[in-house]
Amino acid sequence: MALLSRRTVEISHVKIAVSGKGGVGKTLIAAGLACAFVDKGFKTIAIDADSSPNLALTLNLTPEEARQIVPISENKKLVESKTDTGFSGVYRLSFKVDDIVREYSVKTPFGVNLIVMGTVKSMGSGCTCPENAVVRALLRHLVVERDEAVVLDTEAGVEHLGRGTARHVDTLLIVADANMKSLEIAKHIHELASGSSIKRVYLVGNKVGDKAQEETIRNFARENGLKILVFIPFDRTVVEMEMRGETPLKDRDSEAVRAIEGLATLLTARNDQQEVKAERVMREGGKQL
Ligand SMILES: Nc1ncnc2c1ncn2[C@@H]1O[C@H](COP(=O)(O)OP(=O)(O)OP(=O)(O)O)[C@@H](O)[C@H]1O
Ligand SMILES: [Mg+2]
């Protein structure tokens, strides 16, 4: 895939959160996008904001390497070093976090830097427990202040929106398959996101096995005002790779992985012409990537 100059894409457009019902493919899509951004020449950080993190394996770390990662919110020493004031019950809320990125992000084999956040409790409600203060500051720093592509893999369901985990991102992808339950959750996430500051909210149809499934997703999206960005096919190669304990992202010829790379191309459209093409694909919800 052609290398893009980082300067030609407005970096704020490459701050992406991936959401949706459990098991719809959020982690595969988040990891696939992060790898595709690296291929396009972006320095890229993938954030695992799921309380049962498994983005590391999809980014091709071994289970042993993944197990060694201590999530930020569970790293008591780190949290204390940032927030401790010496007075019990009184926490510092303002501190530097750029060193956390340097010291606690893990370089993965595909070139993506990974940060595992751990459990995040009600960030939106202004909870001031010290772990949240660190995670909140770090998320803000990663998404707002840094000149890197960011992909945030969120926890299943709608709660993360209430927590404000994805608050600063530019683009929210809602992943759904043709299962009505996943579509209903997609609708709920869309409603919640409409009241937020996130500018671009799109539906991504995943595990699409046939025309009937594609139509189900298309009709639901039309009836509920959701914009479809792309359909990713159901891909047996992905299932087989997972059965062997390998990340599906190793197989760049897999149809699903290619569709995710295409999605990354849409999300990094550099100019009007590409935007127009992206808009057309969005409208048609096609696989013509
Ligand atoms: N397009 C696809 N074709 C076939 N299998 C897929 C596809 N997308 C995802 N999968 C598989 O579906 C399973 C669930 O995917 P994934 O773990 O990415 O979902 P998730 O939404 O992150 O789940 P969770 O909510 O548990 O974090 C995985 O085994 C994954 O490999
Ligand atoms: Mg996941």
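Q: At what angle do the axes of helix 1 and helix 11 cross?

A: Happy to start there. This is a predicted model, where local features need pLDDT of at least 70, side-chain atom pairs count only at pLDDT 80 or more, and totals for chains, interfaces and linings use all residues. Residues are numbered from 1 along each chain as its sequence is written, while chains are lettered from A and ligands numbered from 1 in the order in which they are written. Helices are DSSP runs of H or I with at least four residues, strands are E runs of at least two, and both are numbered from the N terminus. Axes are lines fitted to C-alpha atoms, for helices over the stretch in contact, with angles from 0 to 180 degrees between N-to-C directions. Here helix 1 and helix 11 (residues 255-267) cross at roughly 60 degrees, their axes coming within 9 Å.

Q: Which residues of helix 1 and helix 11 make the contact?

A: Two residues are in contact if their C-beta atoms, placed from the backbone, lie within 7 Å. Helix 1 brings I29, G32, L33, A36 and F37, and helix 11 brings V257, I260, E261, L263 and A264.

Q: Is K207 buried or exposed?

A: Burial is a count: 20 or more other C-beta atoms within 10 Å means buried, 12 or fewer exposed, and in between partly exposed, with C-beta atoms placed from the backbone. K207 has 23 such neighbours, so K207 is buried. This residue sits in strand 7 and has a positive phi of about 55 degrees, although it is not a glycine.

Q: Where is N60?

A: N60 lies in the loop between helix 2 (55-58) and helix 3 (63-68). Its phi is near 75 degrees, again positive in a residue other than glycine, and with 17 other C-beta atoms within 10 Å N60 is partly exposed.
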